Amino acid sequence: MNFASILSREFNIPLPYAQNLIDLLDEGYTIPFIARYRKEQHGTLDDQVLRQIADRLTYLRNLEARKEEVRQTIAGQDKLTPELDAAITAANTLTEVEDIYRPYRPKRRTRATVARERGLEPLAEILFRQEMQSGSPTELAAPYIDPAQEIHTWEDALAGAMDIMAEDMSDDATVRAKLRDLIHRRGQIIVRGTGEEDSVYGHYYDFRSPVKTLQSHQILAINRGEKEKFLKVDLEIEEPAALDILNRAFVRPGSITSHLVADAAGDALTRLILPSVQREMRSQLTESAGEQAIAMFALNLNPLLMQPPVKNKITLGLDPAYRTGCKLAVVDGTGKVLDTAVIYPTPPMSKIKEAAATLQGLIERHQITCIAIGNGTASGEAEAFVADTIREMGGELAYMVVNEAGASVYSASKLAAEEFPQLDVTLRSAVSIARRLQDPLAELVKIDPKSIGVGQYQHDMPQARLGQVLSAVVEDCVNRVGVDLNVASVPLLEQISGLTATTAKNIVAYREEHGPFPDRKALRKVSKLGPKAYEQCAGFLRVPESKQILDNTSVHPESYKATERLLSLLGYALADVKAGNLTDLQDRLNKLGILQTAEQCGIGAPTLEDIVENLQKPGRDPRDELPPPLLRRDVMDMADLTPGLILSGTVRNVVDFGAFVDIGVHQDGLVHISELADRYVRHPSEMVTVGDVVQVVVLQVEQEKKRIGLSMKQVGQHV
């Protein structure tokens with residue numbers, strides 16, 4: 001199998017690029033490194049496409065390995081014919097390979113295997129050939145009567161032979177493929193309630209949908225409802241159409257045995273094929289829905305991690321609770337803990353005056369300007385308390401309700417204990433909440449991506465696959481932003497291309513022993529960080545303190561000489577980069593010509609363009625170009641909402657059927673996909689991403705069910 005040719009065709013990229021990618025991946029280079037620093041070798045594909053290609057390459061290699069396993073197994077049975085070998089070679093999916101292998105797979109004891117043991121296979125072959133135009137099946141079966149084999153009558157012989165025919169038919173790869181196609185085109189999913197009391201699955205208590213139009217979120221909801229025994233699910237197929245597929249494949253009219261083959265086909269369909277193919281189709285639907293859900297997790301996680309940081313602000317984190325009180329932690333602009341406290345403004349204690357005095361004291365003492373409130377239990381009461389305090393104090397103080405998913409997991413982790421050995425577990429959560437506002441990416445990398453809580457049904461997904469995809473998102477985000485080598489934590493460094501848990505720890509240990517790194521070159525002194533690791537990680541690590549200004553950019557050290565050559569050609573020096581004196585750099589470059597200049601510098605045009613961008617903005621954080629997070633000073637209640645009210649909100653989650661928006665009332669509202677825009681929207685991700693600040697109008701409020709219906713397309717009609 002020529003993997004490069006297949007990838008070239010499927011992803012519409014030149015064959016040399018496909019081969020380059022295979023070679024780079026096989027040499028151990030990571031996707032972030034390939035995406036940024038090897039653009040000339042793959043044509044500037046982005047990291048998402050590169051990961052799709054890498055995933056496809058893995059699938060193709062697994063497919064090729066499985067083909068060889070099947071080929072060897074069948075050959076070991078002395079049954080590998082040239083035709084069978086060609087069919088295995090031509091198979092394009094693992095399902096096709098397994099269908100081919102099915103007749104040769106070791107089986108449990110079945111009616112057909114018993115019949116074969118009794119010597120009835122020759123009779124089955126005679127009947128199946130359907131060559132006899134005269135005589136009777138009883139005459140064919142009579143020689144096989146053998147009481148010693150429990151074949152007492154010709155009926156016993158024919159029944160056993162038909163069992164063999166039915167099993168052989170059920171193993172036919174072509175027939176199974178056609179039946180799967182029939183189910184996909186014309187099958188129906190039928191769902192009914194089990195008689196239990198009303199539940200969250202009430203919508204599916206009397207539900208019918210064609211298989212081909214079933215949405216992924218519906219599949220996952222139905223699966224969960226079935227697992228929890230609220231729903232009974234059937235996959236309905238048009239049996240006459242299915243039987244016609246078998247009859248066309250196996251029955252040849254005119255023979256005295258044709259009716260027996262037809263009867264065996266009917267038995268094969270109802271007893272063997274349909275239950276198996278229906279299970280396979282349910283499994284395929286689940287797998288497809290799972291991949292879609294995992295893609296949604298990744299789609300939501302990316303903007304969540306890339307939310308703009310609230311930099312250089314002293315921040316108070318508030319972890320709300322009832323009985324145990326609200327935990328407070330004050331952190332400075334670098335995330336260092338300055339102070340902690342516990343207050344009890346919520347029931348059952350409701351010590352509001354004392355809590356307000358403590359909070360105001362912390363605000364005044366540390367000049368706090370931002371408060372981050374966790375969105376967990378008692379968040380509503382805590383938010384109202386903070387809003388009252390802000391009104392009373394005035395000034396520039398503002399707050400934001402922060403998604404605290406995973407904070408408790410982190411606070412009880414070994415990592416948190418190492419980071420804050422002197423703090424109680426509950427106070428560590430408050431620190432994490434504060435830091436999530438200051439720098440979401442740096443804090444969220446400490447948490448298992450599956451615990452961050454964006455998407456649908458993450459606990460129903462194949463956990464290995466989910467973890468693989470979400471870890472890739474974290475890796476891409478961290479490397480896109482880059483990290484400060486002298487302040488980055490071990491979890492943050494672990495995500496950098498080329499680094500491992502061991503080398504990340506060694507970097508921090510070296511920093512603690514020898515002080516801050518003076519430049520990127522000093523990385524070479526870190527234990528177990530070899531040339532290959534340095535090559536991959538160096539460009540993603542920033543050293544603002546370095547005398548070499550390029551150390552605070554994403555320009556790779558391998559391109560430093562080319563960069564200095566570029567500056568010289570354009571009439572600049574490195575000192576001009578540090579001083580910010582490159583205002584007409586682009587104009588000078590355009591006069592010389594990008595391609596000609598790249599050639600003189602000994603680099604490709606894509607690398608040249610990246611270098612130019614970095615020279616103009618050394619120390620650039622791509623997150624700074626995004627809209628800032630929405631900070632609030634007041635709080636509302638669901639009772640304050642009325643249809644037609646226009647509000648600003650923050651998108652918290654994007655799912656297949658819409659987007660959930662935080663409008664400051666402790667309950668996220670749903671903008672259904674049909675209310676996202678005046679035009680047709682194929683998927684909500686076309687319109688919004690997590691972290692977007694949007695204008696919405698309230699459509700309806702159901703306080704008892706805690707449901708809020710919102711619209712984005714009707715905002716203009718209510719202005």
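Let me start with R61, which counts as partly exposed because its relative accessibility is 31%, where partly exposed covers the range between buried, under 20% relative accessible area, and exposed, over 50%, with a 1.4 Å probe and protein chains only. Before I go on, please keep in mind that this is a predicted model, in which local features need pLDDT of at least 70 and side-chain atom pairs count only at pLDDT 80 or more, while totals for chains, interfaces and linings use all residues. Residues are numbered from 1 along each chain as its sequence is written, and side-chain values use heavy atoms, with hydrogens and water left out.

The side chain of R61 meets that of D26 in a salt bridge, at 2.9 Å from N to O; the term stands for a side-chain nitrogen of Lys or Arg within 4 Å of a carboxyl oxygen of Asp or Glu. Since R61 sits in helix α5 (residues 47–76) and D26 in helix α2 (residues 15–26), the pair ties together parts that are 35 residues apart in sequence. Helices here are DSSP runs of H or I with at least four residues, strands are runs of E with at least two, and both are numbered from the N terminus. D26 is partly exposed as well, with a relative accessible area of 48%.

How many salt bridges does the structure hold? There are 51 salt bridges, and another one of them joins E236 and R208 at 3.3 Å, N to O. That pair links strand β3 (residues 231–236), where E236 lies, with strand β2 (residues 206–210), where R208 lies, 28 residues apart.

Now to a sheet, which is open and has five strands in the order β6-β5-β4-β7-β8, with mixed pairing; two strands pair if DSSP finds at least two bridges between them. Because β6 (337–343) and β8 (398–402) stand at the edges with a single partner strand each, one side of each is left without a neighbour in the sheet. Strands β4 (residues 315–319) and β7 (residues 370–374) pair in the parallel sense over four bridges, and T315 stands opposite C370 in β7.

Finally, is V698 buried or exposed? V698, which lies in strand β14 (residues 693–702), counts as buried because its relative accessibility is 2%. Leaving aside residues up to four places away in sequence, V698 touches several residues, among them L641, P643 and L710, where contact means heavy atoms within 4.5 Å.
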